[in-house]
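Here is a short briefing to read alongside the sequence and the model.

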Amino acid sequence: MDTLLRVKNLCAAYAQGGQRVRAVDGVSLELRRGEVLGIAGESGCGKSTLAQVLALLARPPLWVEQGELWLDGAVYPLGQGIHLPRELRGRKVALLPQGALNALNPTARVREIALEVIRAHEPKTTPQEAYARARERLEQLGLPSRVLEAYPHQLSGGMRQRVVTVISTLLNPKVLVADEPTSALDVSSQKAVVRMLRKLLEQGVIEGVIFIAHDLPLLRSVADRIAIMYAGKVVELGPSEELVEAPRHPYTQALVGAVLVPEPYIRQKRVEGIEGTPPDLRSPPPGCRFAPRCKYAQPRCSELEPPRFGGEERFAACWLLEEVLA
Ligand SMILES: Nc1ncnc2c1ncn2[C@@H]1O[C@H](COP(=O)(O)OP(=O)(O)OP(=O)(O)O)[C@@H](O)[C@H]1O
């Protein structure tokens with residue numbers, strides 16, 4: 001399969017006032033051309049931080065400490081003081097941010113926002129050209145072009161999110177990093193956004209999506225593969241259905257057990273119900289970071305960090321799997 005984006009041993013930390021929180025710690029991941037890669041995990045496990053880094057938007061106090069980025073055929077080293085070419089941002093990778101519903105400037109019409117986004121990269125674009133491009137894109141996606149004349153507050157929540165998605169992809173980025181794009185929406189609006197992302201992929205407007213969510217059942221229906229994050233690390237990865245149906249890492253098992261309850265109210269309660277809390281990333285525990293909460297933990301789990309057991313297609317970082325999968 002053709003690789004669109006790959007990061008190797010990515011580390012990123014918040015550093016402020018002598019404190020350092022390494023929120024992404026040694027993450028290696030690959031996004032393939034044409035796929036939706038889901039990333040799931042509890043609140044605070046580093047998903048949004050990873051999204052910022054992958055979208056090339058890390059800013060102090062967030063620092064990319066090390067890693068390597070492979071993007072659409074070119075390799076870039078990552079690290080403090082290394083500046084990536086500006087044109088990558090927005091053009092090769094774009095972010096559909098968390099809370100995008102509020103990301104739109106309330107005093108500008110949608111067409112003015114579209115113009116601003118296009119002009120940030122193509123300063124010579126005339127308003128007419130920008131509006132025509134935005135109109136064409138809306139029509140291509142089956143959305144009414146009259147939204148161009150609207151102010152954000154005049155649109156429903158679901159429509160606003162779809163408009164933000166259109167705007168995030170106006171420059172035809174190869175990779176769209178979508179950070180919880182549907183979490184504030186009702187089920188039918190969620191479906192509409194997901195359908196739209198699939199359409200953008202099918203039409204070749206974008207070539208891959210990294211879809212971040214804490215909602216595993218949703219991810220299962222959206223993503224081709226899912227990576228599970230815990231305390232800054234990827235602990236399991238696999239094809240979506242397989243991962244949700246037969247999770248291998250005890251954390252994924254707990255997460256699946258916690259969320260595969262249909263009622264949102266119970267779902268919420270049960271997520272909170274995984275015993276214990278994630279570690280403080282200012283001083284994470286040695287060995288496996290899930291060990292203090294894991295009912296299967298053995299002494300070595302708290303001493304040695306488990307490697308990935310399995311293959312590239314499907315792996316989990318848990319000592320329990322050593323004999324089964326090594
Ligand atoms: N500006 C910041 N300064 C210091 N630490 C931060 C900052 N932003 C986030 N963190 C810490 O980084 C870690 C990862 O946070 P992040 O927001 O990436 O997690 P998340 O999985 O996206 O959570 P959520 O689902 O709640 O958004 C957490 O421990 C968080 O407290």
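In which sense do E3 and strand E9 pair, and over how many bridges? E3 and E9 (residues 225–230) run parallel and are joined by four bridges. Please keep in mind that this is a predicted model, in which local features need pLDDT of at least 70, side-chain atom pairs count only at pLDDT 80 or more, and totals for chains, interfaces and linings use all residues. Residues are numbered from 1 along each chain as its sequence is written.

- Strands (E, at least two residues) and helices (H or I, at least four) are DSSP runs numbered from the N terminus, and two strands pair if DSSP finds at least two bridges between them.
- Within E9, Ala-227 is the bridge partner of Ile-39.
- E3 is also joined to strand E8 (residues 208–212) by four bridges, again in parallel, and Leu-37 has Ile-210 of E8 as its bridge partner.

**Burial of E3**

- Five of the five residues of E3 (residues 36–40) are buried, so the strand is largely enclosed by the rest of the structure.
- Buried means 20 or more other C-beta atoms within 10 Å of the residue's own, with C-beta atoms placed from the backbone.
- Val-36, Gly-38 and Ala-40 cover one side, while Leu-37 and Ile-39 lie on the other.

**Around the ligand**

- The shell has 15 residues, and Tyr-14, Ser-43, Lys-47, Ser-48 and Thr-49 come nearest; a residue is near if its C-beta atom, placed from the backbone, lies within 6 Å.
- Strand E1 (3–16), strand E2 (19–32) and helix H1 (47–54) each give two or more residues to this shell, with the largest share, three residues, coming from H1.

Definitions and conventions
Buried ≥ 20, exposed ≤ 12 C-beta atoms within 10 Å, placed from the backbone.
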